[in-house]
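Me: I would like to go through a structure with you, starting with charges and ending with the backbone. Could you take my questions one at a time?

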Amino acid sequence: MNERELTQLRLTAERCRRNVLRMVEASHHGHLGGAFSAMEIVTALYFYKMNVRPGEPKWEGRDRFLLSAGHKSMVQYAVLAEKGYFDKSVLDTYGGFKTKIPGHPDMYKLPGIEANTGALGHGLSIAAGMALGLRSQKNDAKVYALMGDGELAEGSNWEAAAAAAHYRLDNLTAFVDFNGLQISGRVQDVMNYTPIAEHFAAFGWAVRDIDGNDMKQVVETLDALPFEKGKPSLVVAHTVKAKGLSFGENIASFHYWEPDDAALKKGIDEVEARIEALEKELEEVQA
Amino acid sequence: MIGELKDPRKTFGKAVSDLAEQDERIVVLSADSGFSSGFKEFAAAHPDRYFEFGIMEQGVTGIAAGMATTGKIPVFCAIAPFVTCRNYEMFRNDLGYMRQNAKLVGRNCGFTYSDLGATHHSLEDFAVMRMIPGVVVLAPQSPDEIRAASRAMLEHEGPVYMRIGNPKIPELYDGEREFTIGKGQLLRDGSDLAIISTGSTTVYALEAAQKLAEKGVSAMIIGMPTVSPIDEEMVLMAAKKVGKIMTVEEHYCRGGLGTLVAEVCAEKAPVPVKMHGVPQEYATSGPYEELLRYYKLDAEGITEVALEFISQGSFVL
């Protein structure tokens with residue numbers, strides 16, 4: 001990937017952050033911390049890696065993305081909207097009555113959603129089943145699942161981890177958005193599942209630790225998939241909670257954000273300033 | 001009671017295997033439970049369609065949902081409490097809320113795993129499964145009906161829970177009857193009392209009807225192999241024609257078939273309903289026949305409860 005493409009991806013990620021804030025503008029609340037920490041990964045998946053057709057969301061050959069940590073739904077809504085799955089005006093209905101974009105995703109309400117997640121510890125099993133189903137019908141589509149770090153305390157994840165390795169599902173990649181914070185505090189203090197990569201490796205996964213907010217590293221990681229033939233891939237994405245909101249980064253309470261107008265404006269100004277800078281940078285790179 | 005006794009698990013496994021010959025989408029998932037669910041031959045015949053996961057019912061339920069999204073029809077059978085209670089949230093969200101076409105079958109249902117104790121009994125599976133919107137709950141009553149219900153379950157688009165027992169069971173009638181999800185069966189007409197039964201107890205309800213007849217009581221017998229959605233029309237027919245209903249099930253007497261019948265009656269045709277089953281306790285253990293006798297779910301017990309109910313007359317408000 002050249003510099004221009006990388007800058008374009010970074011710009012897209014910031015535009016998606018702006019989409020998240022558009023949802024927060026509508027509702028004045030939302031799980032912002034995890035949506036922002038996972039933004040580079042989800043943006044790179046949809047705009048660089050995945051083979052998808054936004055106008056044909058049920059196309060059989062599509063790659064699948066599941067948000068196991070369903071509370072990060074704003075990241076997926078933001079990226080799907082940017083990708084053209086639905087009109088951006090839908091973002092203004094976040095938090096509203098009968099919205100298509102509820103707090104946790106619903107596959108029957110919005111195109112592009114693959115699973116009804118929200119209860120933690122479900123996504124990896126569903127993703128493993130998809131990967132197994134696709135492989136057994138010789139469909140080359142890939143499956144990507146994004147989990148939270150606090151979510152790893154759910155035992156069902158480890159059932160899925162064993163099954164995916166046992167069935168050698170190298171068409172499955174899981175990301176752990178390791179921003180290190182959950183509602184009650186530091187993940188390691190609440191319930192320690194580190195070292196995450198080593199745990200999955202012990203189950204038979206091929207693993208990598210990366211900086212999940214560094215778009216270049218994210219792209220290089222996606223280029224390397226599957227890490228090993230015959231093994232599912234696990235990316236421990238070291239990220240920053242509320243990445244891109246200078247006054248919220250690495251603060252546990254930004255897991256769920258209920259900003260007043262001034263804080264929201266400050267956040268929007270920050271993101272828009274980065275969008276402007278990246279647009280300028282892109283023009284310069286192109287020139 | 002007609003013909004030789006047959007093993008419900010083997011009957012079920014064979015039925016699914018036969019249907020799988022015609023439909024490549026059918027796959028079998030196992031939580032170390034497939035061989036004892038009648039799938040040994042299936043596993044040998046279709047190794048590429050038989051998936052073993054070890055003892056992880058939560059994981060397998062999610063995996064079943066994922067496979068179903070790709071067009072497969074997963075069938076997952078294990079001991080009843082482990083595919084209903086253990087994995088309840090996965091059933092609710094991944095199969096129910098996601099409306100996936102997967103079939104979960106609870107075997108050794110009720111207290112048929114009698115001597116293994118309450119951890120292995122399922123006396124609330126109807127109650128918990130019927131609360132998940134869109135889930136069909138089946139309890140076939142005979143070997144032929146297990147075959148027919150398996151076909152109906154696999155032809156139905158959407159999540160299904162079916163329970164089957166463990167001890168060998170007899171046929172209820174000659175030949176295979178048509179099985180329609182949501183339809184009850186008038187097995188014997190009567191005018192003093194309508195007994196609505198499901199699953200394993202229906203054969204005893206039929207025997208009880210004979211005993212009751214000998215005592216001058218005319219009992220209508222309705223077989224209700226679909227617990228949910230309940231056959232409202234059939235319940236209302238019994239309520240209006242007979243005016244006194246007793247439900248029989250190898251399940252807690254609250255929350256299952258009795259409750260479903262009572263709901264229909266309460267809203268549309270209020271008649272006395274005696275809900276007969278296991279009281280709200282952790283059932284005792286021992287030989288199956290002794291448990292049936294203890295909980296009055298054999299022919300003698302059903303007869304006794306029916307006579308007592310009859311003797312109470314109608315409600316006086």
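This is a predicted model: local features need pLDDT of at least 70, side-chain atom pairs count only at pLDDT 80 or more; totals for chains, interfaces and linings use all residues.

Me: Fine. How many salt bridges are there over all chains?
Reply: The count comes to 28 salt bridges over all chains.

Me: Which residue forms a salt bridge with A:Asp106?
Reply: The partner of A:Asp106 is A:Lys109, and the closest N and O atoms of this salt bridge are 3.9 Å apart.

Me: And is A:Asp106 buried or exposed?
Reply: A:Asp106 counts as buried because its relative accessibility is 5%, under the 20% cut-off. A:Lys109, at 39% relative accessibility, counts as partly exposed.

Me: What about A:Asp189, which side chain does it meet in a salt bridge?
Reply: A:Asp189 meets A:Arg186, with an N to O distance of 3.1 Å. A:Asp189 counts as exposed at 55% relative accessibility, whereas A:Arg186 is partly exposed with a relative accessible area of 41%.

Me: Moving to chain B, which side chain meets B:Lys211 in a salt bridge?
Reply: The side chain of B:Glu300 does, at 3.5 Å from N to O. B:Lys211 lies in helix α7 (residues 202-214) of chain B and B:Glu300 in helix α11 (residues 299-311) of chain B, so the pair ties together parts that are 89 residues apart in sequence.

Me: How accessible are those two?
Reply: B:Lys211 counts as partly exposed at 28% relative accessibility. B:Glu300 also counts as partly exposed, at 46%.

Me: Which residues are linked in a network of salt bridges?
Reply: A network of salt bridges links A:Glu14, A:Arg17, A:Glu40 and A:Arg274.

Me: Which residues form the negative surface patch?
Reply: The negative surface patch consists of A:Glu3, A:Glu281, A:Glu283 and A:Glu284. Helix α10 (residues 261-286) of chain A supplies the largest share of the patch, three residues.

Me: Where is A:Glu281 found, and how accessible is it?
Reply: A:Glu281 is found in helix α10 of chain A. A:Glu281 counts as partly exposed because its relative accessibility is 32%.

Me: Different topic: which way do the side chains of strand β7 of chain B point?
Reply: In strand β7 (residues 160-163) of chain B, B:Val160 and B:Met162 point one way and B:Tyr161 and B:Arg163 the other way. All of these residues are buried. In a regular strand the side chains alternate between the two faces of the sheet.

Me: Which strands does β7(B) pair with?
Reply: Strand β5 (residues 103-107) of chain B runs parallel to β7(B) and is joined to it by four bridges; B:Leu104 has B:Tyr161 as its bridge partner. Strand β6 (residues 136-138) of chain B also pairs with β7(B) in the parallel sense, over three bridges, and B:Leu138 stands opposite B:Met162.

Me: Now the backbone. Where are there cis peptide bonds?
Reply: A cis peptide bond joins A:Thr194 and A:Pro195, with omega about -5°. A:Pro195 is found in the loop between α7 (187-190) and α8 (196-203) of chain A. Another cis peptide bond joins A:Leu225 and A:Pro226, with omega about -10°. A:Pro226 is in the loop between α9 (215-223) and β7 (233-238) of chain A.

Me: Which residues other than glycine have a positive phi?
Reply: Among them are A:Lys98, with phi near 60°, and B:Asn108, with phi near 50°.

Me: Are those two buried or exposed?
Reply: A:Lys98 is exposed, with a relative accessible area of 71%, while B:Asn108 counts as buried at 0% relative accessibility. B:Asn108 lies in the loop between β5 and α5 (125-130) of chain B.

Notes
Residues are numbered from 1 along each chain as its sequence is written. Chains are lettered from A and ligands numbered from 1 in the order in which they are written. Side-chain values use heavy atoms; hydrogens and water are left out. Patches are made of residues with over 30% relative accessible area and no salt bridge: like charges are joined within 9 Å, nonpolar side chains (Val, Leu, Ile, Met, Phe, Trp, Tyr) within 5 Å. Accessible areas come from the Shrake-Rupley method with a 1.4 Å probe; for residues, only the protein chains shown count as cover. A salt bridge is a side-chain nitrogen of Lys or Arg within 4 Å of a carboxyl oxygen of Asp or Glu. Lys and Arg count as positive and Asp and Glu as negative; His and the chain ends are not counted. The place of a charge is taken as NZ of Lys, CZ of Arg, CG of Asp or CD of Glu. Helices (H or I, at least four residues) and strands (E, at least two) are DSSP runs, numbered from the N terminus. Buried means under 20% relative accessible area, exposed over 50%, partly exposed in between (1.4 Å probe, protein chains only). Two strands pair if DSSP finds at least two bridges between them.
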